Amino acid sequence: MSEVTVREKLTKCFRAVFPTLLDATIPGASAATVAAWDSLAAITLLHVIEEEFQTAVDFDRLAELNSFESLAEYLFSHVEE
Amino acid sequence: MKLTEALQTLHEAESPQGTAFPVLLACGFTPLHLETFLGAHLQKSIPGRRVKVGTGLYGDLAGTLERQSSKDTQAVAIALEWPDLDARLGYRSLGGWGPAEEAEIADQVAAALERLSDAIERLSDAVPVAVSLPSLPLPPAFHAPGWEAGKAELTIQADLAKFAARLAECPGVSVASPQRLLEQSPLGQRLDLQAELLTGYPYSVPHADAVGAALARLLLPAAPKKGLITDLDDTVWSGVVGEVGPEAVAWDLNNHAQVHGLYQQTLAALTGQGVLVAVASKNNSDIVNRVFARRDILLDKDKIFPMEVDWRPKSESVGRILAAWNVGPDSVVFIDDSPMELAEVKAAWPEIDCLLFPKNDYAATLALFRTVRDLFGKRRLADEDRFRLASIRTAATHPQDNVSGSRQDMFLSQAGAVLTAQFNPPVTDSRILELVNKTNQFNLNGLRHTEAEWRRNFDSRSSFLLLVSYEDKYGPLGKIAVLAGKRQDSALQVYTWVMSCRAFSRRIEHGCLDLLFSHFGVGELRFNFAPTPRNDPFRACFAPFLGVGPEKPFSVTRAQFEEHCPRLYLKVETIV
């Protein structure tokens, strides 16, 4: 899956979980900048990503998958074509 | 439903438009996706409302239910799980597993179920309650191997079954079918242990969807269908009777035609619960009558009405049946083994559910029976369900629509009609809300109500509720009309008035107006009328009083009523 596709699909996931975020701010979103990004939102985001990308995300890495960028990198390296 | 779709559904419904529909989701675990899916499924059922799902305290299901005030919510959904009955039956407690604990766990489960029963019964007096029984597999806490059901495990399951049966008897409680849930969510794919240990949320995403959908369906069930129209050849029986003769068609094991016997049995059961069953068949009626005269037939011909057996297009037969029943096509199911006949009826009546009888596919036949049960299933049966067919048949035998005034007067004067007016009956009588929410034609404004909303209408001392029953020499119609409103100075404000279409042409509506004027001693009745696509019969009733059918809220004075009311032949009995 291309990086562009990963980012587009990931943006869709962020829109679903954080509907108040503007599209322009999603690439820079992180647990530190989004007030609604608490532990339950993090779980919801990973489940939505699993659904959207049809892949299992390693929940033990929940703490480090805490930004759009880190999730995009993780997915780009883990999701098969 | 996918999690993304559920989140979007809730987000799109967040606009301030629409009245709120507050629901309590009571569970002992972190509600997370179950809250999302329950909210989304409810939202899809009531798109004009804003569903707001509230939740209770983690790990304290019984306390959540005991503390809940019925004023803060319109419905309660309970997702019970094993740790709510004993924390040792979950994975976040280390209280001990094994032989030393088993008997005590079983005792604790019994005590917890008793406490929950009491809390649920109390809540259900005020708001509808839906319960999902423990749906996760029991943990490996018992000494017997997993393939064997040991005593402690069976004792727990038996106590749970008693608990569920006790709840199912309560008018305000409904219990989700564990069997249906098992079909939709395989047992081995329900638990997400990682999420449970990380966050206290135990359900896999698909299982949360299944439980949320099940609870939502119990709280906001679809209106059951009212009538079923069936073909005969290769449906009610195997074979084409016109070709093989009435003795050769079959519906039994010996003739490999048992599915047709099961279909007859299904139809007979439906008639027993008040569903209207009619026949639309291209056949010779004499030959068909000879089949129904056979001693081994399971479907009594007297329970079928009308019987449209001729060679005309089935869509025409269906039209005559709908007219005889006086129900809308959206309340009707048509079953035939011929895709062509189904298509012909569907083209003429697109609102009718047209279902294929798959005569050579056993699995598909069973699926059809289950679909029929789902479409017609009712939680509770009322006396009126027994009367329905008899009163419709009587109406067809003694048609009163379009007859001249003098002929109608002659008919009504000898009918021996008794109208029973029950003022302020128990609001919990399920027939009342059923009439209010299912009646389309004689309906003041088409407003539908949840149980909780309906009950709250009568908190004020100035409010009234009138339940009207009717009987004449042709038989009882049962409870057929509901009026509700409140007193305002010298007038009466009526905000609900529905009457079953089976009660038309008997001047019962005029009798109701007369009752309101005389019982309350008021000089004016004000009606919160609103036109709907189907309430023309209501408008027509008031045209004589107003000169034209109303288009908006209106009032009728006692003088107007007395000037235009036709002669009444109703004996009125009042229960206060």
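The expected span of a helix is 1.5 Å times one less than its number of residues. Keep that handy for the first view of this predicted model.

**View 1. Helix H5 of chain B, end to end.** Helix H5 (residues 99-124) of chain B is built from 26 residues. From first C-alpha to last, H5(B) reaches 38 Å, close to the 38 Å expected at 1.5 Å a residue.

**View 2. The buried residues of H5(B) and their neighbours.** Look along H5(B) for its buried residues, among them Glu102(B), Ile105(B), Val109(B), Leu113(B), Leu116(B) and Ser124(B). The buried residues of H5(B) pack against parts of chain B that include helix H3 (61-67), helix H6 (151-169), strand S3 (75-79) and strand S4 (129-132).

**View 3. Helices H11 and H15 of chain B, together.** Here the axes of helix H11 (residues 258-272) and helix H15 (residues 362-376) of chain B come within 11 Å and cross at roughly 0°. H11(B) and H15(B) are therefore roughly parallel to each other. On the H11(B) side you will find Val259(B), Leu262(B), Thr266(B) and Leu270(B), and these meet H15(B) residues including Tyr362(B), Phe369(B) and Phe376(B). Seven nonpolar and two polar residues make up this contact, with no charged residues.

**View 4. Where chain A touches chain B.** Chain A brings 12 residues to the contact and chain B brings 13 residues. On the side of chain A that touches chain B, helix H1 (3-17) and helix H2 (39-53) of chain A each supply at least two residues.

Definitions and conventions:
Residues are numbered from 1 along each chain as its sequence is written. Chains are lettered from A and ligands numbered from 1 in the order in which they are written. This is a predicted model: local features need pLDDT of at least 70, side-chain atom pairs count only at pLDDT 80 or more; totals for chains, interfaces and linings use all residues. Two residues are in contact if their C-beta atoms, placed from the backbone, lie within 7 Å. Helices (H or I, at least four residues) and strands (E, at least two) are DSSP runs, numbered from the N terminus. A residue is buried if 20 or more other C-beta atoms lie within 10 Å of its own, exposed if 12 or fewer, and partly exposed in between; C-beta atoms are placed from the backbone. Axes are lines fitted to C-alpha atoms, for helices over the stretch in contact, and angles run from 0 to 180 degrees between N-to-C directions. Angles under 35 degrees count as roughly parallel, over 145 as roughly antiparallel, 65 to 115 as roughly perpendicular and the rest as oblique. Ala, Val, Leu, Ile, Met, Phe, Trp, Tyr, Cys and Pro count as nonpolar, Asp, Glu, Lys and Arg as charged, and the others, Gly among them, as polar.
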